[in-house]
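Here are my notes on the model you sent.

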Amino acid sequence: MPVFEYAPAPESRDLANLKPSYRPFIDGEFVDGGGEPLKTVNPATEEVLAEVSTASAADIDTAVKAARKAFEKTWGPMPGSERAKYLFRIARLIQERSRELAVLETLDNGKPIKESRDSDLPLVAAHFFYHAGWADKLDYAGYGPDPKPLGVAGQIIPWNFPLLMLAWKIAPALATGNTVVLKPAETTPLTALVFGEICQQAGLPPGVVNILPGAGDVGARLVGHPGIDKIAFTGSTEVGKLIQRQVAGTPKRLTLELGGKAANVVFDDAPLDQAVEGIVNGIFFNQGHVCCAGSRLLAQESVAEELLDKLRHRISTLRLGDPLDKNTDVGAINSAEQLTRIRELADSGEAEGAQRWTSPCPVPDRGFFFAPTVFSGVHQSMRIAREEIFGPVLSVLTFRTPDEAVAKANNTPYGLSAGIWSEKGSRILWTANRLRAGVVWANTFNRFDPAAPFGGYQESGFGREGGRTGLEGYLSV
Amino acid sequence: MSAPTLPAALADATRDDASLRRFLHGLPGVDQVGVEARATALATRSIKKSSKLWAIDTAISMVDLTTLEGADTHGKVRALTAKARRPDPERPDTPQVAAVCVYPDLVATAVDGLKGTGIGVASVATAFPSGRSSRQVKLADVALAVESGATEVDMVIDRGAFLEGRYGEVFEDIQAVKAACGDAHLKVILETGELVTYDNVRRASWLALLAGGDFIKTSTGKVSPAATLPVTHVMLQAVRDWFTTTGELRGVKPAGGIRTTKDAIKYLVAVHEVAGEQWLTPELFRFGASSLLNDLLLQRRTQHDGHYSGPDYVAVD
């Protein structure tokens, strides 16, 4: 019998308008950075995409000064209704250029085009639209009659959702009247720099948004800079702790959105086929490079085996490969370093006695790829149940009673998200009340909306992004 | 009343009305939002070039070319059989359709028109499309079809009985029809548009499989909504789960409202990824359609010729 072989359906990479070099965006202009230039790589092919000029200490000074000046002279004093116009304009420009940005994001990050096109970019635009709506309504947001912006926000974002994390940081900061110095991740700076072009197109006053590519040292200098009033960081718990130490004792405000090891709890009365979809979406979306990924599946023992069979069947249909192909479900791991880390942790799972199952999907010879992997027979004491793997690796644990499910789900240093699968409303509410996580999804997973606050407990950080609560992080209230 | 091949747990489920109800209501629920989201997401697969051509040919070979009108005549059925034999006269390499589907009184004409082709003759028996008659009448309907030479019988279930929770009655109806079919294949029409919820679709699917239906079919084509992608997803999950439990392969047939090649390909992708590639054969998947075939033929020509030829280039029968 013939097999249904889908022909390759690649999106054109020309749409990305890729340039050979990119430069920092400071005070409304693209300028040569004084730092050591870096090369950004397409993780799916390992080819160098572009050379990126990075920021030196002097560049950071210039950017912070520009942001301060813009805050004092133009952006801060501007009426909210005027700021809203700029934000709406940015949102519309993002929509207009969304194909270009989606392709560029996929080239630089390795995520499948269908995700950058259908998830990332619509959400990026939505965040700007949503926060544009808030800009002139802050007096009515419940923070008192006249909440004030903080000043200059230093923002550091990760490589898993380069443009979306930029939107999560920049949109609320600008809506509330702050100005911004943002450092994109070392491996994925390109879309952030194209966002600089969008700021120019929108006629945003110089200095309101500054974008400084670079590695951890640029981030550290930014965090330590005395001209910054607020630090917002999304990234690893390890770096988050360093930042918290560095900021301690200074007047700087801080929000941290860090790692996670979310439990996805499947009760025996769950809609199993949809639970399987939710589990797949929870851990294999964006190759598992999601801080709120549902990386620990907690399955009730009475359905665990059936659920696992269905899950393996489903995972076998995931198509791994060229991220620009519209039929690709799982793209490339963002960097060689991350791939090494995933491999190391997966090997530890095997060494500790968990049963490893890997999808039989073909894996490309070139590029950084890791086939979807499921560990069953996992226990809370194993590394793969405790540490964030940040890759397409699912750890499956079982439980017998709702109390045990809650106990195991909460038995983690993290607390960013959780999922519950049950057809019984009362059980969903009972469980949700007991899970210590910033977001609890019921019968779905990895759903985002600009109006829904997002953030963590414990080692997953503090502060919220999105919604009315998210505005508070950028206001003096 | 259970079939001998069933594993103990399933055989037990059909012991009496109460166990049947317990079993059907014990099946995992279907989350409406989830199944619709999955169906929408899977429908965005990009199929082109060689895979599209393969999909078109496969879809043609799965078509049950259908005419089910009060105004059907022997002439209309003869025209349809001619089309089934040679869907595209200018392109003899075009695959034949799977079957021609007519009312029982026209089966003999269809059989005659398809002699020697290997194309099946399907007939909608059992008081189609409402299913509202006595079992006696339904069985007489089936007998007429089978005696006239139908190789496939498409029966409708009594949706009233199902919705009233009289599962045992529906089960026995299907069993009785299956017995009356003899060697003919039995397709059980659930009329999912009248069952409304996905939970009901899943229960009715299992009921039909337990009672021995060779195929589960979405619709009569007389009720809106007819076939939809999410409903077909639920039914594909049912036959896949049935295979996992019993090792038996049963088929799925969406019918009604599938008119374009683009739609047909979305269904094939669902067959491929929800049930598995084993189901990508006319033995296990059919399209109940009358106008779909022409669009498939036009798209087939477009793929081969590199340009679109227009509706006047295919037969309108």
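1. Start with the loop of chain B that runs between strand E3 (120-124) and helix H7 (135-147), where Pro129(B) sits. This is a predicted model, so please check the backbone here by eye. The peptide bond from Phe128(B) to Pro129(B) is cis. Its omega is near -5°.

2. Thr126(B) lies in that loop between E3 and H7 of chain B too. Its phi is positive, near 65°, and the residue is not a glycine. Is Thr126(B) buried or exposed? It counts as buried, because its relative accessibility is 0% and the cut-off for buried is under 20%.

3. Chain B has a cis peptide bond from Ser224(B) to Pro225(B) as well. Omega is near 0° there. Pro225(B) belongs to the loop between strand E6 (215-217) and helix H12 (229-246) of chain B.

4. In chain A, look at Glu46(A). It has a positive phi of about 70° although it is not a glycine. The residue is in the loop between strand E4 (38-41) and strand E5 (48-52) of chain A. Glu46(A) is partly exposed, with a relative accessible area of 41%.

5. Glu51(A) and Lys39(A) meet through their side chains, at 3.3 Å from N to O. Glu51(A) is in strand E5 of chain A and Lys39(A) in strand E4, 12 residues apart.

6. Asp32(A) and Arg23(A) form another salt bridge in chain A. The closest N and O atoms are 3.4 Å apart. Asp32(A) is exposed, at 57% relative accessibility. Arg23(A) is partly exposed, at 34%.

7. The side chains of Lys187(B) and Glu152(B) meet in a salt bridge, 2.6 Å from N to O. The pair links distant parts of the chain: Lys187(B) is in strand E5 (residues 185-189) and Glu152(B) in strand E4 (residues 152-156), 35 residues apart. Both residues are buried.

8. Over all chains, the whole structure holds 59 salt bridges.

9. Now the interface. Chain A contributes 27 residues to the contact and chain B contributes 32 residues. The two chains bury about 2,500 Å² between them. Of that area, 51% is on carbon and sulfur atoms.

10. How many salt bridges cross between chain A and chain B? The count is 5. One of the cross-chain bridges pairs Arg202(B) with Asp273(A), with the closest N and O atoms 2.4 Å apart. I would like to see that distance discussed. There are also 12 residue pairs in polar contact between the chains, with both residues at pLDDT 80 or more.

11. On the side of chain A that touches chain B, helix H9 (272-284) and helix H10 (301-316) each supply at least two residues. H9(A) gives the largest share, 4 residues. By type, this side of chain A divides into 11 nonpolar, 5 polar and 11 charged residues.

12. Ala275(B) is found in helix H13 (residues 261-275) of chain B. Leaving aside neighbours within four places in sequence, Ala275(B) is in contact with His313(A), Leu236(B), Arg240(B) and Ala270(B). Ala275(B) counts as buried, at 3% relative accessibility.

13. Last, an annotation to treat as such. The UniProt entry, which is unreviewed, lists Glu257(A) under "active site". The residue is in strand E11 (residues 253-257) of chain A. Why does Glu257(A) count as buried? Its relative accessible area is 3%, and buried means under 20%. Beyond four places in sequence, the residues that Glu257(A) touches include Trp168(A), Phe233(A), Cys291(A), Phe454(A) and Glu465(A).

Key. Residues are numbered from 1 along each chain as its sequence is written. Chains are lettered from A and ligands numbered from 1 in the order in which they are written. Side-chain values use heavy atoms; hydrogens and water are left out. Contact means heavy atoms within 4.5 Å. Buried area is the accessible area (1.4 Å probe) that two parts lose on being put together, summed over both. A salt bridge is a side-chain nitrogen of Lys or Arg within 4 Å of a carboxyl oxygen of Asp or Glu. A polar contact is a pair of N or O atoms within 3.5 Å; within protein, one must be able to donate a hydrogen and the other to accept it, and residues adjacent in sequence count only if both atoms are side-chain atoms. Ala, Val, Leu, Ile, Met, Phe, Trp, Tyr, Cys and Pro count as nonpolar, Asp, Glu, Lys and Arg as charged, and the others, Gly among them, as polar. UniProt positions are given in the numbering used here, feature names are shortened, and annotations may be inferred rather than shown by experiment. Buried means under 20% relative accessible area, exposed over 50%, partly exposed in between (1.4 Å probe, protein chains only).
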